Amino acid sequence: MPARLTRLLLVSASAVAITGAHAQTPATHGFLVEAPQQPSPAGRAVGPSQKEAAPVPAPQPQRRAPALAIKPIDAEEGGPDETALRYYAAQNQTRRVALEIERLQRLYPYWRPPETLVEPASTSSEDEQPLWDLFGADRMDELRAAIELRQKQEPDWRPSKDLTDKIARKELRLRLMGMWRAGQLNDIIAAVRQDGYGGDRADIDLQWTVAETYARMKQTGEALDIYRSILRTAPDPKDRIATIQKAMDTMRMSEVEKLLVEARIDEAGRSDLAPLAIDITRARISAYLHDERPEPVPAAEVRTFEAYARGVNDANQSGLVAWHHLKNRQYSEALEWFKLALERGGDAMVAHGLAHVLREKGMLREAEEVAFAWREPLANNAILYIDVLEAQLTNPVPPYVEPERLARYAQVTVDLASGEGAQALGWYAYNTCQFEAAYEWFQRAVAWYPKETTVVGLMLASQKLKRTKDFFELANRYDGLFPKALALLFPDGYQRPPSPCDLLASGRVAPAATRALAPQPAPVHAAPRHFGASPPPAAGMASQHWAPQSWGQHLLPVANDQLPKFARGEFPAAVELENHRRFASSGKLMGRPAASAAPPAAQTALRMEQPAPAQLVARRVQGVSAMPYERWGFSLLPGANGQTAADAPHSAQVAPAGTAWASEGAAAANAPAFVDPHQAMQAIASASRAPLPPAPRVAPGQAGVLMRNAALGGDGVDMTPTASIPDDPLADAPAVLRDSLRAREFVRDDEDAPDLAARAHRFEHSRREDMEAFAADWRPRLSRLLSKSPPGAQDTCPPGQDPSPWCEPGANELEQELAQEPANAEIEQ
Amino acid sequence: MRFIVLLASLVAVCALPLHARAQTPQPQAQKIPAVDAPASAQGEPARTMRKLDGRSLPLGGTLNAPQAWQAYKQRFVTQSGRVIDTANGQISHSEGQGYGMLLAVAANDRPTFERIWGWTRANLMVRDDQLLAWRWTPGQRPAVTDMNNATDGDVLVAWALAEAAELWADASHRASGRRIAVELARKTVLFKTPRGAILLPGVLGFSASDRPDGPIINLSYYVFPAFARLSSVAPEVDWRGLIQTGLDQIRAARFGDSQLPADWITVRGDAPRPADGFPRQFSYNAIRIPLYLAWAGVGDWEHYAAFHAWAQRTRGLATINLDTGAEADRLTERGYGAIATLLACALEQKPASPDFRTLRDGEHYYAATIQLLAITAANMRYNSCQPG
């Protein structure tokens, strides 16, 4: 056993005799355990091997201890951490003892050094060596047993106070560290509250652990106290640096800033935390980027970091600088740094930043290329690619786009099944007078992204192609939901100039002549709309989405503003209110499919649905403004919530305070853009030379199939585009729906029928060929309608009960609707 | 005036909360006295629990209960991909579509997933943003009967898309999931409140400017397992912050003797309390909180204690009136019992009974869905749930 020389027995007020060097003493041993240690991962247990790792200065031959103050200090009283002091004393390092006393007195002016720096050894200390060995080996159970045994054998024997204290501390430490490893953070806090953990006398690992526990449990005040105490007392600069690093790992930078003021500045003005300067700046920049730090990072610091980032071949560092510039809207600098980061192997996220900067600088073509090139590794780029070109394609006067660029945009649109891309291609085609392609793309857009403007686009394309059935089907389906779609049926009473395509079609304008057109007179701005709760320009709706209406910014009232007339079956008409359009993506893979443990599920039948009878009168919907026909006095049924008046449109909603949306401010709201008629004429020229957008591919034989008839089964998903609107939307409908809709037509034909019973009677006899099916489906229901109250009948099913002839969901609505019929019939007249 | 409109709309959203499942039309006005109210979580001694498995795990292929899934599809998923809430007038909602999509990914059933997602986007994505209109009513013109969103529906759909993207690697799912996830974080999350990240239940009607007691939260909209996974499509969003705030609020929002949270809670003021104008109940919404906690493997005993006590009720599960501690509605459908089974697996390592994986005939959408979700959660994280 290596002999230790230091055994400081006694420190008297005047002088102390060093009585000699002895073998290892309990006191010395204890100091070593408590001595500050190298930074180490939190959660590390302190075992015997680490005693050797502790910084043990070589013992200096020292015969005299310094003169020390009188008052002994009670270990339990609190106060400064005397560990180091006692350690140096035990090592007989007088000079260090003096320095430490001086330091502690500077920190704690009222503190007096203890009278005894080394406790008197227990009389039995020599006998305790086996116990200390167990202690050192963390064999606490055996240690307890050994003490118990010895007390039985020697009733007068007591373990030294030193040993009992250290056993208690070590047991607490082992318990806390065990909880830490088990992730029982709450239990750690409870235990620390109850038993303490030794405060700044605990080993630094334990202090870090407790601090991190507090930090993770969001008790940052307590965490900060511990970290701060370490910073003030830890003698080893490495420990102080490690403490800051740990704090940065577990707490927000705004909290860590409170610790950085503890830096010790030497005479040369150099901070002892200087080795961390780059890390600190990095964390500050990061906090700034995440909006956790409101104030900008000091410019000098950023410059230092930039110099560092330029010097290291690490794309992450240059990327951080680039994002920082982007955040500060310093686009030119950001551009340079993103380029540098990409050169240094930056990933798709760096490319994403680069594309953003290019877009901000108006370099749309470049942004498009970068986003396209990096679209596969990162969905953000694919989305950005769609969005960058979308803004251009939906311009009422679209720029020239090369055919190959259109083709690849179309491909990515189908790869992503992107409604945004599909409607952009639809508008591009529409505004360049290519209505067939527009129709196809809008079909997809309505399947993937049935927004108001998308539906309007499909209706317009249908109108141009004279697909009246599609047009009115959409109008009926979105009646009550999309005022702008209905505005195509019920104009607002103002004239609009013809669109470029209309002029081209009419032959009144030749494309070549358009450039010679004289500038138009200054436009007269629109009068406010004169009816209804007309919505303000929809927030977030780009004007380009609404190109056709943009022409109408220069309005003259229509001379003969009358309620339009529709043929029977056009509007209002009962249509299926479910949108059945479906188109699959191209199935383009992004990465490799995960190998799933489970085999693909077997395909079995899905639920057959009995469509509820469709209605003719729309109900109010929350978040939807007035329908255009309301200015002629027509109204809507009360909404599901009972509301009778139109709402403000949901698109005009105020962003809830505190959301990122709210902080974006009003700048994001795009009001419909003013379109200069002269610009419109230019569009005619471009329309005549615009490349064709590629038509989406439809697999032969698949068009016209409703989703619900698509065959089930097979190995994978059916990737074939699966639906367009069939010739007869009711052809595939179950008999009940078909009959209900036809019955309704019949009833409406016969407005003179005196009463419901007579109508139903005539209906029953008018379709002999369907009588069998009719009888099964309708007779019970009709008789209920006739008798009003058949025995046991219920209007609506009890919730949860499946529909039956005597209880159908919506059966009472049929009566309600029939009663409302005359009011609606006026529209047709 | 605007306030009145907003309030009216709020009442409409919430007076018909998704889970005010109108499945008990029989008069049940009399409240059953709380002879078997849940053991007071206050009185229960603090205990420790085994650390849960909180890893972020993929969902794909984890619903290994083919028969239950087939039965579910046949009963609640139409051929066009609509998920029917059979107890609520056959309506559909974004929540149901999201659950359907999640279960389809978990069952590795891509054709059904595509059907449900196809229906969802074609019929609910009618708002002018990337969120979903929350309610669709068959036979109504128009079928979308409210343009407001329900944030949990958006979370579920985005999560399902993220899982689908990982399982099947289809680029379109990742892009769609990302768009929804980013939008819901942008429009419905208040990231910088003193309480942390507050998730508004909808864009309209719940914020501080919409209600005198706003903002309102619904803790069952904190879909913990979703937050743990959405970073795969939207890494820039602080999903961990949402998890932490959800946990903090679960710890803080304990009302009455039962110490359970209310479905709707105001977080204005010093301490959370049940929101004004809503039933002060631990009800159909909030029963999902322990399901989501255990599914994500997050939380400590203090998060689970009250739910554990509730799940141990010898009289069976029920919704709880938080003022009296009495039962409000008995949860007689046995699908709900899967929550108790899952908690027993997670907290006590008790094996599940063999019928845990069997869907009962005649039970409605919500109970059946909860059961399948619990099976999925158990398969994902708790081996102890394998039948003993």
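1. Two strands are taken to pair if DSSP finds at least two bridges between them. Helices (H or I, at least four residues) and strands (E, at least two) are DSSP runs, numbered from the N terminus. In chain B, Ala318(B) stands opposite Arg330(B), a residue of strand 11.

2. Basis of the note. The structure is a predicted model, in which local features need pLDDT of at least 70 and side-chain atom pairs count only at pLDDT 80 or more, whereas totals for chains, interfaces and linings use all residues. Residues are numbered from 1 along each chain as its sequence is written, chains are lettered from A and ligands numbered from 1 in the order in which they are written, and side-chain values use heavy atoms, with hydrogens and water left out.

3. Chain A overall. Chain A holds 33 helices and two strands. Of its 829 residues, 50% count as buried; the term stands for a relative accessible area under 20%, with exposed meaning over 50% and partly exposed the range in between (1.4 Å probe, protein chains only). The accessible surface of chain A comes to about 37,900 Å², and carbon and sulfur atoms supply 54% of that area. Such areas come from the Shrake-Rupley method with a 1.4 Å probe, and for residues only the protein chains shown count as cover. A contact requires heavy atoms within 4.5 Å; among contacts in chain A between residues at least 6 apart in sequence, 68% join residues at least 24 apart.

4. Chain B overall. Chain B has twelve helices and eleven strands. It comprises 388 residues, of which 72% count as buried. Its accessible surface is about 11,300 Å², with 54% belonging to carbon and sulfur atoms. Of the contacts in chain B with a separation of 6 or more, 70% are between residues 24 or more positions apart.

5. Sheet 9-10-11 of chain B. Three strands form this open sheet in the order 9-10-11, with antiparallel pairing. Strand 9 (281–282) and strand 11 are at the edges with a single partner strand each, so one side of each has no neighbour in the sheet. Strand 9 and strand 10 run antiparallel and are joined by two bridges; Gln281(B) has Asn321(B) in strand 10 as its bridge partner. Two bridges also join strand 10 (residues 318–321) to strand 11 (residues 327–330), again antiparallel. Strands 10 and 11 of chain B form a hairpin with five residues between them, and Gly325(B) in the turn has a positive phi of about 80°.

6. Sheet 6-7-8 of chain B. A further open sheet has three strands in the order 6-7-8, paired in the antiparallel sense. Strand 6 (216–217) and strand 8 (273–274) are its edge strands, each pairing on one side only. Strand 7 (residues 265–266) pairs with strand 8 over two antiparallel bridges, and Thr266(B) has Arg273(B) in strand 8 as its bridge partner.

7. Salt bridges. The whole structure contains 64 salt bridges over all chains, each defined as a side-chain nitrogen of Lys or Arg within 4 Å of a carboxyl oxygen of Asp or Glu. Lys73(B) forms one with Asp109(B), the closest N and O atoms being 2.7 Å apart. Lys73(B) is in helix 2 (residues 66–76) of chain B and Asp109(B) in the loop between helix 3 (94–106) and helix 4 (110–124), so that the pair links distant parts of the chain, 36 residues apart. Both partners have a relative accessible area of 0%: Lys73(B) is buried, and Asp109(B) is buried as well. In chain A, salt bridges that share partners join Arg365(A), Glu368(A), Glu369(A), Glu402(A), Arg405(A) and Arg408(A) into one network.

8. Two further pairs. The side chains of Arg55(B) and Asp53(B) meet in a salt bridge at 2.8 Å, N to O. Arg55(B) is exposed at 54% relative accessibility, whereas Asp53(B) is partly exposed at 21%. Arg467(A) and Glu436(A) likewise form a salt bridge, at 2.8 Å, N to O. Arg467(A) lies in the loop between helix 23 (452–464) and helix 24 (468–477) of chain A and Glu436(A) in helix 22 (residues 435–448), so the pair ties together parts 31 residues apart in sequence. Arg467(A) is partly exposed at 27%, and Glu436(A) is partly exposed at 40%.

9. Helix 24 of chain A. This helix is largely enclosed by the rest of the structure, because eight of its ten residues are buried.
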